[in-house]
Amino acid sequence: MENGVAVRHKGVFTAEVLSNQQIRECYYRLNLVLDPIGSRFFEQVVPGQFLEIDLSGLSLPPERHIPAELRDIAARQVLLRRPFSFSDVVTTPTQDGPCVKLEIVYCVLGPATLRMMTLKSGDVLSLIGPLGNGFKIFQTLKLAVLIAGGMGAPPLLHLGGYLRRHFPAVETICFAGARSCEDLPFTLKIGNLTGLVVDEFDTLGVASQVATDDGSAGFKGFVTDCVRHWLENHTIKPEETMIFACGPEPMLAGAARLAADFGLACQVSMERMMACGIGLCQSCAIEVKKGKTDETEYKLCCKDGPVFDSRNVIFQVQP
Ligand SMILES: Cc1cc2nc3c(=O)[nH]c(=O)nc-3n(C[C@H](O)[C@H](O)[C@H](O)COP(=O)(O)OP(=O)(O)OC[C@H]3O[C@@H](n4cnc5c(N)ncnc54)[C@H](O)[C@@H]3O)c2cc1C
Ligand code: FES
């Protein structure tokens with residue numbers, strides 16, 4: 001038995017911007033409310049699914065707000081929709097049906113996300129979704145180990161809240177890693193007993209630990225080494241435990257190796273450049289094992305993923 005599989009229906013909807021706030025130097029939090037039909041489609045959305053937003057009509061922010069390293073590419077046209085996952089989805093029942101609010105945490109790193117900085121309350125966006133297959137939650141799950149690398153954090157924040165709401169008996173701990181403290185899309189604070197924790201997870205009632213490559217916050221080293229250390233010092237029942245990982249591919253490959261070393265199941269949310277987002281253009285291929293044979297085949301990240309069983313993925317880079 002499993003929960004968390006994708007909602008099969010998708011469509012093109014509008015969403016109104018409620019707010020768009022800067023949370024760290026290059027990170028913003030965008031809150032949207034979907035139109036009534038879109039709300040029906042997104043009501044059952046699960047963590048790990050995503051949407052594609054049309055940002056082609058937006059203008060660039062004033063030059064003084066464009067980071068120096070992005071000035072050369074800022075003026076490039078934004079023809080294709082851009083994929084984003086959710087850090088939170090809240091559904092409120094109303095007399096006219098559900099009203100769905102989405103939260104997206106985005107990192108400004110190119111022409112489309114630069115334009116997103118200019119979004120303000122009342123602006124209306126066109127989006128396609130919900131897309132892809134999210135994380136699967138098995139009924140046997142008792143311990144969820146979340147591993148977030150850099151911008152991989154948003155869907156795991158959604159997953160943390162989803163588990164608290166729908167599977168309160170599941171013990172959940174999130175390990176958030178980044179190159180350095182400034183690269184974490186989170187607010188850090190000192191926990192009561194545990195040292196540095198992530199405020200956003202703490203608010204949800206989810207335990208957390210921080211790792212940075214340069215040691216500027218929390219554990220010094222790769223987040224997967226931090227998890228390894230934690231697993232070595234805890235009694236884990238593999239049949240009741242699942243790793244959920246989202247972040248850069250070397251980190252996902254590291255999570256897959258960690259899971260194999262400890263005999264744990266692991267789901268990884270893969271990232272590929274996406275053009276159409278709906279399985280038409282073939283631009284987001286992922287090499288996976290074909291059944292139990294040594295042969296491989298290609299699946300589409302946007303349609304068959306982005307979440308895959310880590311044992312099936314042929315990673316393009318090693319941890
Ligand atoms: C399923 C999915 C969910 C995502 N969720 C989020 C999210 O919640 N928050 C967020 O900030 N971003 C998310 N992204 C990434 C986001 O789509 C890109 O950052 C965005 O499209 C960049 O657009 P741009 O025009 O600003 O920059 P671009 O010029 O398109 O890209 C800037 C740089 O980022 C790299 N890049 C862009 N997209 C990807 C990708 N998909 N995989 C690997 N490298 C990439 C490019 O190679 C380039 O070097 C997600 C991507 C996918 C596929
Ligand atoms: S993005 Fe077009 S097939 Fe996946």
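Start by selecting F244: Q267 in strand 17 stands opposite this residue. Strands here are DSSP runs of E with at least two residues, helices are runs of H or I with at least four, and both are numbered from the N terminus. You are looking at a predicted model, where local features need pLDDT of at least 70, side-chain atom pairs count only at pLDDT 80 or more, and totals for chains, interfaces and linings use all residues. Residues are numbered from 1 along each chain as its sequence is written, while chains are lettered from A and ligands numbered from 1 in the order in which they are written.

**First sheet**

Now select 241-246 and 265-269. These are strand 16 and strand 17, which run parallel and are joined by 5 bridges. Widen the view to the open sheet of 7 strands with mixed pairing, in the order 15-14-11-10-16-17-20. Strands pair if DSSP finds at least two bridges between them. Strand 15 (219-220) and strand 20 (307-309) each have a single partner strand, so one side of each has no neighbour in the sheet.

Next, pick helix 3 (153-166). Helix 3 lies across strands 10, 11, 16 and 17, at about 160° to strand 10. Angles run from 0 to 180 degrees between N-to-C directions, with axes fitted as lines to C-alpha atoms, for helices over the stretch in contact.

Select Y27, and look for C107 opposite in strand 7. Strand 3 (27-34) and strand 7 run antiparallel, with 7 bridges between them. They belong to an open sheet of 7 strands, with antiparallel pairing and the order 5-4-8-2-3-7-6. Which strands stand at the edges? Strand 5 and strand 6 do, each with a single partner strand.

**Two domains**

Colour 2-131 and 137-312 separately: these are domain 1 and domain 2, with bounds from an automatic or database domain assignment. Between them, 24 residues of domain 1 are in contact with 21 of domain 2; contact means C-beta atoms, placed from the backbone, within 7 Å. Strand 7 gives the largest share of domain 1's side, 3 residues.

**The ligand**

Finally, select ligand 1. Of the 22 residues around this ligand, R82, Y106, G110, A112 and T113 come nearest. A residue is near if its C-beta atom, placed from the backbone, lies within 6 Å. Domain 1 and domain 2 each give at least three residues to the shell. Strand 5 (82-85), strand 7 (97-107) and helix 2 (111-116) each supply at least two.

Technical notes: Contact = placed C-beta atoms within 7 Å.
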